[in-house]
Amino acid sequence: MTTDKDTTAGTPAAPPTGATGATGATGAPGDRGDRGDRSDTGGPRALAWRRRRASAARFWRQYRTHRSGVVGLAALLSFALAALTAPLLVGSDVDAVTDAPGSPLERPSAAFPFGTDRFGRDLLGLVVWGARVSLLVGLLAAVLSVAIGTLIGVTAGHFGGWYATVAMRVTDWFLVMPTLVLAIALATVMSRSLVTVVVAIGVTTWPTTARLVRAQTLAVETRPYIERARALGGGHRHVMARHVLPNVMPLVLAQTTLIISAAILAEATLAFLGLGDPTVVSWGGLLQDAREAGAVSAGHWWYLVPPGIAIAVVALAFTLCGRAVESVLNPRLGVPR
C-alpha cells in the first residue's frame, strides 16, 4: 500500500516564492513585457525622431501664420518646380543658337510670350532654363558661406584667447571690404566656371554669419549644462558638436535663407559683368546678353524685364522666408506677419 507519506515524498515540493526559479518563472514575463514596451516605443533613436517630427510640426504651424513667409515659400516652390522640370517644359535644346525657333528680337506674341533674344531663341524657355543655374549657384554659394562663417564663429566663441582675436580681426577686414569688389577680383584671377562663381561668392560673404554665430556661442557657453559637460570629461569637440552647435543651428538656418538671396544677386551681377560661365544659361547671363545686344538703347524691354523680374522675385521670396523663419525661431524679434 502507498501511504500518505510516500505519496508526499514522491510529489515534488513547490519551490518557495522567493527562490530563483520562481522569480525567473514569474519575472520573465515581466521582463519580456518590459522589453516589449521598449520595442514598441522603438528605443532612444525612435524617440528622438518622434521629437524631431513634433518639433517640425510645431515649426510649420507657427510658420504658416506668417502670410508673407507662406507667399515667399509658394514662389520658391514654383521656381524650384519649374527648374526641376525645365527639360520637360522647354526641352534641353532651348539654348541652341543654330536651331533657334524665331527671328532675332521678336516682340512678345502668342508663339513667344516673352519674345526672343538676339539669336531668335525663346526667352520664356531661356528664363525657365536659367532658373536651374541661378538657384543652384545661389544655394551652393550660401551653403559655403554659412559653413565658413559657422566654423569660424563657433571656434572663436568656444576657444577665445588669441585665436578669437585673430579670427575676429580677419572677419572685420572682410566686413569693411566691399564684397562685390572681392568677388570680382577672385572671379577675374580664376577660370570662368560655375565653381569659380560659387567660391568667389562663398568666401566673401561669410563674415556676417561668423559674427552672429560667435555672439550666440558666447551666450551658450555661459549656460550651466556646458559646465556640467566639461566637469564630466567632455572635450572641446564634444562640447562644440553636441551642445553648442545644436543651439546655434536655428540662427544658422535663418541666416542661410537670408544669404541665398544675396548670393543669387551676386551671381547675377558677376554674370552681368561677364565673369560667369559663358557656356551655361543664367538670369545674369541673359541680362549680359541683352546689354551686349544694345537692348537698353534700342528699347527692347522684353529682353531685360523677364530675367530681371525673376531675379527680383526669387531674392524677395528668400528674404520673406528668411524673415518668417527668424521670427518663428526667435519670436522676440517681433517680425510682422
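Trainee: What should I know about the model before we start?

Mentor: This is a predicted model, in which local features need pLDDT of at least 70 and side-chain atom pairs count only at pLDDT 80 or more, while totals for chains, interfaces and linings use all residues. Residues are numbered from 1 along each chain as its sequence is written, and side-chain values use heavy atoms, with hydrogens and water left out.

Trainee: How many helices and strands does the protein have, and what counts as one?

Mentor: The secondary structure comes to 15 helices and zero strands, where helices (H or I, at least four residues) and strands (E, at least two) are DSSP runs numbered from the N terminus.

Trainee: What makes glutamate 221 buried or exposed?

Mentor: Buried means under 20% relative accessible area, exposed over 50%, and partly exposed in between, with a 1.4 Å probe and protein chains only. Glutamate 221 has 11% relative accessibility, so it counts as buried. Its place is in helix H10, residues 207-221. Across the protein, buried residues make up 36% of the 337 residues.

Trainee: How do you know that the side chain of glutamate 221 makes a polar contact with the side chain of arginine 230?

Mentor: A polar contact is a pair of N or O atoms within 3.5 Å; within protein, one must be able to donate a hydrogen and the other to accept it, and residues adjacent in sequence count only if both atoms are side-chain atoms. The polar contact between these two side chains is at 2.5 Å. Leaving aside neighbours within four places in sequence, glutamate 221 is in contact (heavy atoms within 4.5 Å) with Gly157, His158, Ile226, Arg230, Val239 and Val244.

Trainee: Why is glycine 149 called buried?

Mentor: Its relative accessibility is 0%, and therefore glycine 149 counts as buried. Glycine 149 lies in helix H6, residues 123-159, and, not counting residues up to four places away in sequence, touches Trp206, Thr209, Ala210 and Val213. Glycine 149 and threonine 205 are 56 residues apart in sequence, yet 8.5 Å apart in space from C-alpha to C-alpha.

Trainee: Which residues does threonine 171 touch, and is it buried or exposed?

Mentor: Threonine 171, found in helix H7, has 0% relative accessibility and so counts as buried. Not counting residues up to four places away in sequence, threonine 171 touches Ile152, Trp206, Pro207, Ala210 and Arg211. The side chain of threonine 171 also reaches the backbone oxygen of alanine 167 at 2.8 Å.

Trainee: What makes tryptophan 173 partly exposed?

Mentor: Tryptophan 173 has a relative accessible area of 45%, which means that it counts as partly exposed.

Trainee: Why is leucine 105 called partly exposed?

Mentor: Its relative accessible area is 24%, and therefore leucine 105 is partly exposed. Leucine 105 is in the loop between helix H5 (86-89) and H6, and its phi is near 55 degrees, a positive value in a residue other than glycine.

Trainee: What is used to describe two packed helices?

Mentor: Two packed helices are described by the angle between their axes and the distance between the axes. Axes are lines fitted to C-alpha atoms, for helices over the stretch in contact, and angles run from 0 to 180 degrees between N-to-C directions. Angles under 35 degrees count as roughly parallel, over 145 as roughly antiparallel, 65 to 115 as roughly perpendicular and the rest as oblique.

Trainee: Why are H3 and H15 called oblique?

Mentor: Helix H3 (residues 43-63) and helix H15 (residues 301-329) pack at an angle of about 120 degrees, with axes 10 Å apart, and the pair is therefore oblique. The contact is made by Phe59, Gln62 and Tyr63 of H3 and by Cys321, Ala324, Val325, Val328 and Leu329 of H15.

Trainee: What makes H4 roughly perpendicular to H6?

Mentor: Helix H4 (residues 67-84) and H6 pack at about 105 degrees, with axes 8 Å apart, and so H4 is roughly perpendicular to H6. Among the residues that meet are Phe79 and Leu84 in H4 and Val128 and Leu135 in H6.

Trainee: How do you know that H12 and H15 are roughly antiparallel?

Mentor: Helix H12 (residues 236-272) and H15 pack at about 170 degrees, with axes 8 Å apart, and therefore count as roughly antiparallel. The contact includes Leu253 and Ile264 of H12 and Phe318 and Val325 of H15.
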